[in-house]
Amino acid sequence: MKALVKAQAVEGLWMQDIPEPDIGPDDVLIRVHNTAICGTDVHIYNWDDWAQKNVPVPMVVGHEFGGVIEEVGANVHRVMPGMRVSGEGHVVGEKSRAVRAGRFHLDPDTKGVGVNIPGAFAEYLVIPAFNVVPLPDDVAMEQAAFLDPLGNAVHTATAYDLTGEDVLITGAGPIGIMAAAVTRHCGARHIVVTDINPDRLKLLETVVPTAVPVHTMKEDLHDVQAHLKITEGFDVGLEMSGAEPAFKQMINHMVMGGKIAMLGLPGQPFNLDMGSLIMRAITLKGIYGREMFETWHKMLAMLQSGLDVSRLITHRLPAAEFQTGFDVMRSGKAGKVILDWTKV
Ligand code: ZN
């Protein structure tokens with residue numbers, strides 16, 4: 001089969017012919033239809049410090065996918081061939097206290113599809129049946145290709161009650177934009193999204209027209225806040241940028257007792273006055289992955305009840321043209337880039 005492989009410990013990815021993966025008794029073989037390129041895949045492409053430390057070579061990359069079940073292992077009864085599916089890209093162990101208590105997303109032994117174990121940028125993917133999520137008929141295969149990051153957005157946005165709240169989102173990357181869409185769907189009042197990339201803020205306006213985009217190099221957040229009559233500060237903050245200036249600005253614009261959920265992964269440590277958190281009585285929550293499988297249930301339910309993030313797709317390409325996809329992702333001008341694995 002064709003697969004996109006990190007074949008050498010240098011920048012780049014290579015389309016190769018490799019054997020179809022073996023399927024164990026508890027596994028499912030999926031014919032991949034659509035995948036989406038994630039920031040994680042770009043890290044692996046670039047072969048940065050994180051990738052060098054975490055990704056063994058060679059490795060089939062990719063973890064955002066939708067496809068159709070081709071075959072199931074002998075012990076698998078919950079799902080069957082022919083079902084349209086996506087799946088959780090975190091493969092958990094069975095030993096940790098968290099897993100034994102059903103808190104799968106907190107398992108310290110988690111392995112990542114397309115990071116530590118063979119991934120989804122291929123014609124066929126094998127994952128444990130446990131990880132497979134069937135798609136409702138009204139959820140498109142293109143959407144299935146990026147349920148994984150939508151799940152990050154849903155997990156972050158649903159960390160706190162949003163109904164009637166004023167919400168500040170720092171970072172208008174694809175997950176920040178999806179978090180804005182989810183926040184709107186959940187009934188927030190004002191949604192303000194900051195970034196310093198005009199292309200991303202423009203894409204935000206396309207996907208979530210009722211969110212307020214703020215270019216923080218050109219506009220003062222105090223002015224925006226005054227204009228919207230958010231007199232005491234934002235009730236909820238969703239930190240999606242991993243950028244120190246954005247996070248510091250967020251803290252300064254929160255209401256007393258405000259709540260912040262953090263998904264954006266900083267590239268380096270923050271130099272932060274902890275007193276600024278304490279004096280505002282801020283609650284901070286770190287978000288990792290998706291809750292298995294409550295986040296999946298909620299996002300599919302929201303997609304079935306009007307949540308629409310399809311305009312986030314900026315590029316649709318045959319998998320054979322993956323290089324173009326990675327080039328636009330690395331330019332920072334793309335939303336979601338969908339690769340079609342029925343055209344390799
Ligand atoms: Zn991803």
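**Exercise 1. Is Cys 38 buried or exposed?**

Solution. Cys 38 is buried, at a relative accessible area of 13%. Buried means under 20% relative accessible area, exposed over 50%, and partly exposed in between (1.4 Å probe, protein chains only). The model is predicted: local features need pLDDT of at least 70, side-chain atom pairs count only at pLDDT 80 or more, and totals for chains, interfaces and linings use all residues. Residues are numbered from 1 along each chain as its sequence is written, and side-chain values use heavy atoms, with hydrogens and water left out.

**Exercise 2. Work out which residues coordinate the zinc ion, and where two of them sit.**

Solution. Step one: find the donors, which are N, O and S atoms within 2.8 Å of the metal (3.2 Å for Na, K and Ca); water is not among the atoms, so sites may look incomplete. Cys 38 (SG), His 63 (NE2) and Glu 64 (OE) coordinate the zinc ion at 2.1 to 2.4 Å. Step two: read the spacing, which is C-x24-H-E along the chain. Helices (H or I, at least four residues) and strands (E, at least two) are DSSP runs, numbered from the N terminus. Step four: check burial. Glu 64 is buried, at 1% relative accessibility.

**Exercise 3. Describe how helix H6 (residues 174-185) meets helix H7 (residues 198-207).**

Solution. Step one: the axes come within 10 Å and cross at roughly 30°. Axes are lines fitted to C-alpha atoms, for helices over the stretch in contact; angles run from 0 to 180 degrees between N-to-C directions. Step two: H6 and H7 are therefore roughly parallel. Angles under 35 degrees count as roughly parallel, over 145 as roughly antiparallel, 65 to 115 as roughly perpendicular and the rest as oblique. Step three: list the contact residues (heavy atoms within 4.5 Å). H6 gives Pro 174, Ile 177 and Ala 180; H7 gives Arg 200, Leu 203, Leu 204 and Val 207.

**Exercise 4. Which residues does His 253 touch?**

Solution. Step one: locate His 253 in the loop between helix H9 (244-252) and strand E15 (254-262). Step two: His 253 is buried, at a relative accessible area of 4%. Step three: leaving out residues up to four places away in sequence, His 253 touches Leu 168, Leu 221, His 222, Gln 225, Gly 233 and Phe 234.
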